[in-house]
Amino acid sequence: MKQLLSLLILLLLFSEASAQKVALVLSGGGAKGLAHIGVIKALEENQIPIDYIAGTSMGAIVGGLYAAGFSTDEMEVLFKSEQFKFWATGKIQEEYRYFFRKLEDSPSWLSLDLERREDKLKLLLPTNLIPEEQMDFAFMELFASTNAVCQYDFDQLFVPFFCIATDVYNNKEVELRSGDLGEAIRASMTFPFYFKPIVIDGALVFDGGIVNNFPVKNALEAFKPDVIIGHKVANNARKPDEDDVMAQLENLIMQKTDYEINPEKGILLETSFNNINLLDFNKIDIIQKAGYDKTQSVIDSIKSRIERRVPLHEVQKKRQAFNAQKPELLFQNVQVEGVPDPMQRKYIIQSLKHRSNIIPLDELKKEYFKLVADPQLRSIRPISIYNPENGYFDLHLKVNQEKPVEIKFGGNVSTKPINQGFLSLDYRFFNNRAYTLSSNIYFGRFYSSINLGGRIDFPTKLPFYLSGALTFNRWDYYSTSNEFFFEDVLPPYIIKDENNVRLEMGFPLGTKGKLMLGTSYSAASDDYYLNEQVKKTDNADNTLFEAFAASLRFEENSFNYRQFPTEGISTFLGFTLIDGNEDFTPGSITAEQVESHRQHQYYSLKGNFDKYFKINNQFTVGLLGEAVYSNKKTFSNYRSTVLNAPGFTPTPYSQTIFTDNFRATKYVASGLKTIVHLSDQLHFRAEGYAFIPMRNILMKDDYLADYNEKTFSSFNFMGLGGLVYHTGMGPVSLTLNYFESKDTNLFMVFSFGYILFNKRGY
């Protein structure tokens, strides 16, 4: 009888243990939340069951991935990948940077939209620092097939799951247990000002950590587990003092969270870090190991509390069975929301599908990022809905159009006399075609310009654009000294006024390239002195060159930055025919010279190759090659010949000084760039370039010009070394620049912003 009673007690205990249900709750905490991966890994290795999982912010990402059938190894691979780095920073991978739809580069730092509200014009400030399109597509790609399996019910996932978001208007938590899994996770980790909030079920939602960063009570109510394991990597904001603005803001935004767990209900794990910041995702090995070690250190206590065991091979078998149900991501129907005009919707759908009926994921991703590059569209959030009847996904695009009017501010601030301001005003609209009207103004001592232009894009099967521009340019080149900072300068010794009208037609060639046909008229008036002995009362010599040009050009560009890039490729190959008239008027110094008139008909062929090769995470090497060949004859004198010769200007500062040694009608040049990455935004770069003219331009008697009979008889060197920090607005650089010349050789330049100009006529 006693043996039977003991057996019954053992069976009862076994049945209770086997029925024991465990919920895992994961806190937010930015990059520190990667420690959750180590916790899950340790629990699985020790056969501790995870029957439910919940989280907030980073805890929602890790928990959601686990619930979607990702193993801890797969999560580690994902968070270490370039893919994660791109969607966490909002940068577009090189292979998806669509150059064809990119408008001309400008030195803008900040863009503001202008909108009419209540009969008043209002400037709209940016709402987020990190572009969201990369992350939105990644979440759709990661979770679309999972949604098809669970049928948008999070209780039907590999492990039942929920996450917490914050209703912005009502300032209260929202518990997300159904719907689109990617949207739910995206909402839970949308930290204010970093990422743009999204709308779910009519509510604008932000990061759940604002109101509930550790949803233990929610998990107890939703899942009713026997035991709960909570892992936290965050704490409430510290008490601020009167001088700590960031701490004050954090206390205003973040509500206090209860990070405790009743010992009768479960177990609290805490992994603390002293040197991990919010975005230190590159420290994943250290972070996830800390979570793993913390769990292993208390595993005996966990095992004593949770008697039920689930062998790892059973978990893996269940995961494989769940993942085997996921359908392939093939898309058929496309719908557009947020665009009322049917012609505009047609433009978007046609730009995405063209004439394809079924779109595979790789093709969709390429076309999606082409749309992202469209200046007419502010944001595009893709939502996929599985259609079990045909086995394909329907794609719903939630589109926000750009406001019609955009204002941009920018320029360059430097310790050299090349400071400039920039202001542009663009007006955009589209129906079955996209229209962009542009205007800008540069103002500064060295460079000033006004530009008016427009572009029409046609989303045909082979897209193309037509563009035109009217531009007034002026460059004032100053004599410089070898003072490192804030030097005094003489009056300009070369003034180049150049006005042009350009027409262009372009076609895409792949993702990175485009083919352009263009024609232009330009009038370039150069004031200069043939004799260096100049007085303030002297009048400058002048050469006016009016020309018509026709060109055929191929251009490719996938650089990650407009200036001081660290990855990508830029190539150019162009053939130009020029027909022009030159008029020379002598100044007071060269009164013995006579006015002259010449006609010039010539061609120019130019090629450029500039590519960066990543050696490892710390080092990148760049290679540059450039060549120009032209049958242009000499102009009326030496100075006008040099002024109208192509120049080799591979560095930003080289575009702001005039050196005869780096100009020729025929030349080859090459360069090597070495980049040492000190962080994601800070790097040191050293660049060296060799310039070899095929035939030097020589000064003869009476200031006339001629070409050297000897070919490749000289060699000139240019170099740069310094630190560059890429901010969200523009690069900050401190560089030492070297130019091989008879005068000043070294220039130390501290600069913030971009050295970019409007285009010339040819």
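Reader: Hi! Which residues in H6 meet which ones in H14?
Author: Glu-133, Gln-134, Phe-137, Met-140 and Glu-141 in H6 meet Leu-361, Leu-364, Lys-365, Tyr-368, Phe-369 and Val-372 in H14. Contact here means heavy atoms within 4.5 Å. This is a predicted model, where local features need pLDDT of at least 70, side-chain atom pairs count only at pLDDT 80 or more, and totals for chains, interfaces and linings use all residues. Residues are numbered from 1 along each chain as its sequence is written, and side-chain values use heavy atoms, with hydrogens and water left out.

Reader: How do the residues of that contact divide by class?
Author: The contact of H6 with H14 has seven nonpolar, one polar and three charged residues. Nonpolar covers Ala, Val, Leu, Ile, Met, Phe, Trp, Tyr, Cys and Pro, charged covers Asp, Glu, Lys and Arg, and the others, Gly among them, are polar.

Reader: And at what angle do H6 and H14 pack?
Author: Helix H6 (residues 133–150) and helix H14 (residues 361–372) pack at about 160°, with axes 11 Å apart. They are therefore roughly antiparallel to each other, a label for angles over 145 degrees. Helices are DSSP runs (H or I, at least four residues) and strands are E runs of at least two, numbered from the N terminus. Axes are lines fitted to C-alpha atoms, for helices over the stretch in contact, and angles run from 0 to 180 degrees between N-to-C directions.

Reader: Nice. What about H3, where does it meet H7?
Author: Ala-60, Ile-61 and Gly-64 in H3 meet Leu-181, Ile-185 and Ser-188 in H7. By class, that contact has four nonpolar, two polar and no charged residues. The axes of H3 (residues 58–67) and H7 (residues 181–188) come within 8 Å and cross at roughly 160°.

Reader: Switching to rings: how many aromatic pairs are there?
Author: The count comes to 43 aromatic pairs. Rings of Phe, Tyr and Trp (its six-membered ring) pair if their centres lie within 6.5 Å; planes under 30 degrees apart are stacked, over 60 edge-to-face and the rest tilted. In one of them, Phe-79 and Phe-84 sit edge-to-face, 5.0 Å centre to centre with 80° between the planes.

Reader: Is Phe-79 buried or exposed?
Author: Phe-79 is buried, at 4% relative accessibility, and Phe-84 is buried too, at 5%. Buried means under 20% relative accessible area, exposed over 50%, and partly exposed in between (1.4 Å probe, protein chains only).

Reader: Which residues do ring pairs link into a cluster?
Author: Phe-422, Tyr-442, Phe-446, Tyr-447, Trp-475, Tyr-477, Phe-658 and Phe-757 are linked that way.

Conventions:
Parallel < 35°, antiparallel > 145°, perpendicular 65-115°, else oblique.
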